[in-house]
Amino acid sequence: MPEDQDTRTVLSDEELRTLDAHWRAANYLAAGQIYLLANPLLTEPLRPEHIKPRLLGHWGTSPGLNLVYTHLNRVITARDLDALCVWGPGHGGPSVLANSWLEGSYSETYPDVGRDAAGMERLFRQFSFPGGVPSHVAPEVPGSVHEGGELGYSLAHAYGAALDNPGLLVACVIGDGEAETGPLAASWHSNKFLDPVRDGAVLPILHLNGYKIANPTVLARLPEAELDALLRGYGHEPLHVSGGDPAAVHRALAGAMDTALDRIAEAQRAAREEGATERPRWPVIVLRTPKGWTGPAEVDGRPVEGTWRSHQVPLPGVRDDPGHLRQLEEWLKSYRPEELFDEAGRPVPDVLAHVPEGTRRLGATPHANGGLLVRDLPMPSLDDFAVPVDKPGTTLHEPTRILGDLLEQVMRNTADRRDFRLVGPDETASNRLQAVYGASGKAWQAATLPVDEHLDRHGRVMEVLSEHLCQGWLEGYLLTGRHGFFSCYEAFVHIVDSMVNQHIKWLKTSRELTWRAPIASLNYLLTSHVWRQDHNGFSHQDPGFVDHVLNKSPHAVRVYLPPDANTLLSVADHVLRSRDYVNVIVAGKQPCYDWLSIDEARVHCARGAGIWEWAGTENGREPDVVLACAGDVPTQEVLAAAQLLRRHLPELAVRVVNVVDIARLMPHGEHPHGMTDFEYDGLFTADKPVIFAYHGYPWLIHRLAYRRNGHHHLHVRGYKESGTTTTPFDMVVRNDLDRYRLVMDVIDRVPGLAVRSAALRQRMADARTRHHAWIREHGTDLPEVAEWSWNA
């Protein structure tokens, strides 16, 4: 412990005794969940049939998590704190389950798992057992907001939970394995965005037990002075607690927690009452304890406690090895369960001496069940922001700029409630959403310079060049009952592929738990998209996030491709009102033709896919061909192709179909938004050629529609990984999505046209050739392309 560390020993002997009793009880329950099927209180000698046939779980981190839970209970009770804990080493599920059972929140959530011997047996049996609960901290665990199946996101989640929660303390346990991940390393900078006036506090607890699955951890092997300097460099004041003697560690951790909370309270008081503006140096606790602490010291002559061998199941083969069975019994009895539970299996008063009451319990806080706290957003009327459309395709607007006006009003409407945030990786203005700065600046607690713009100590726009932080902050914010919007370049949202996986899994599981209330949806705006990254080039051209998301649970994901400004407004209004979804909106920021009035946009978006009668030439006839489109640039190319066909093949019956909700293409039995076969056949026909111009990779459309009657007539054009720095129209030509290629596709696929319209096909091919020559000479697109408008 550094000489200048200011901590005090605050525990009386009685407090030490009762805290240790709680910790031992939690350790006993954690170990019992990994091993026992029956005989939960060891009222008879342990026999093989009392042991689970498959031993699953993670013991190594559990004693440390139990220690933190025990001491958080003490300070919450003593200080009457409103607190939440994010458990970064989430594979320590036995620990959090054990503590929620001890405090009673688990039995209140699951009445069939009572706080008695029968409930304890059920708690043990269900852990990592078919029909039971997962081994990680998961949605099933009361008090959890963080899926423990993947490491790296705990601290970002904790900061997200603290934003706009001025009365909340968010403790965050960070495992030393997780601390090696990129997202966690970036998360230390979140303290530069935490407002001591309007936000709550985050108390990071860096738990160093020395090992990952099979290797030492980097931070645990750093000399303490070097680690201390690293954390101070991040802007924290470290408090170090280390040791393997329980009594000494209890006293040291109690002192560190009291010191940390005193410093937090003083920083908040200075900012809130005295107007202090200097960024606080928030405390962080560094807790060094042995991995697998209090478990078997050795197994078969090899060291286990304090090594990587205790990571999961320290005593394997207990059913088959009498020596291991005896050792397990001795280990469990070392906690003296007869002192911790009465004859009925209930925790004795000493164990519960420091457990908070009611919603102060970590397993019962409503902040961990954010749907209990979420309120509907005060959405303004879309009529106030809609662009006028007297005739389709004659005026242009930047769709995301129009959306920015709407988001500014949402920000204004939530100024007092402070439950809406916009996050993005340094791209708010680039994505044309800068109108929001009129209602809120950008959150910033670090130094400012005269040249800076829109920085605001109390701002609710959050920009940091880390998609991981944007995602983590927003997830923590949503899971604790608020609303938000994530704007990102389309190509780089892939950085959070794995994070959104976990969030979707969380939502899917939460929907199956009646006690979990629905939370606000996670809403993405993907812009600066593939077709208009002609200036940045190939590295910025990737529309595949939609494919990734649509692989996930159909009950939790939605994907929208609005073709113009008014449809973007309608979709945004819908997703901001929705619950328990991940909504992905793909929309352009460059000038785009306006196709639909706001009333038409509402109707079109509500049905998700529909015929644009004004664009086609059916006139009551059965169509000869269907031109379908999804996305703003594909829509323009389809309409330009429809116009060419109208001019050159007026007798051809062309149907134009626009798809906003891409899941509409799926069968109804596979996605709630999917069409029935009857609907699909009526829209696309069962036997006519369908030329589909799609925003992303063309095989996604084939995958979604592969079981449809007319699939063998479906021909999809989309992005084919042919990108570079070039002109906008050259991007679509390079990928065979251009209007000329679409007309050629119609001629190739409509029976009878190949011969009759060979000359037209040749003219279309010549136009593509002329395009290539023109852009190489002039550096701009052909005038008939650049100056095109809808004039049918």
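Let's start with one pair. Arg421 forms a salt bridge with Asp199, and their closest N and O atoms are 3.4 Å apart. Keep in mind that this is a predicted model.

Now step back to the whole chain. The protein chain is divided into three parts: domain 1 covers 14–366, domain 2 covers 375–591, and domain 3 covers 612–785. I'll stay with domain 1 and domain 2. Their C-alpha centres lie 34 Å apart. Domain 1 brings 38 residues to the contact. Domain 2 brings 32 residues.

How much area do domain 1 and domain 2 bury between them? About 3000 Å². Of that, 61% is on carbon and sulfur atoms. Which residues of domain 1 lose the most area to domain 2? Pro139, Asp164 and Phe193. Together these three make up 24% of what the domain 1 side buries.

Next, the polar side of the story. Between domain 1 and domain 2 the count is three salt bridges. There are also 18 residue pairs in polar contact between domain 1 and domain 2, with both residues at pLDDT 80 or more.

Which elements are involved on the domain 1 side? Two of them give two or more residues to the side that touches domain 2: α6 (154–162) and α7 (182–187). The largest share comes from α6, with five residues.

Last, the classes. The side of domain 1 that touches domain 2 has 19 nonpolar residues. Another 10 are polar, and nine are charged.

Notes:
Residues numbered from 1 in each chain as written. Predicted model: local features only at pLDDT ≥ 70, side-chain atom pairs only at ≥ 80, totals over all residues. Heavy atoms only, no water. Domains from an automatic or database assignment. Contact = heavy atoms within 4.5 Å. Buried area = accessible area lost by both parts, 1.4 Å probe. Salt bridge = Lys/Arg side-chain N within 4 Å of Asp/Glu carboxyl O. Polar contact = N/O pair within 3.5 Å; in protein donor to acceptor, adjacent residues only side chain to side chain. Helix = DSSP H or I, 4+ residues; strand = E, 2+ residues; numbered from the N terminus. Nonpolar A, V, L, I, M, F, W, Y, C, P; charged D, E, K, R; others polar.
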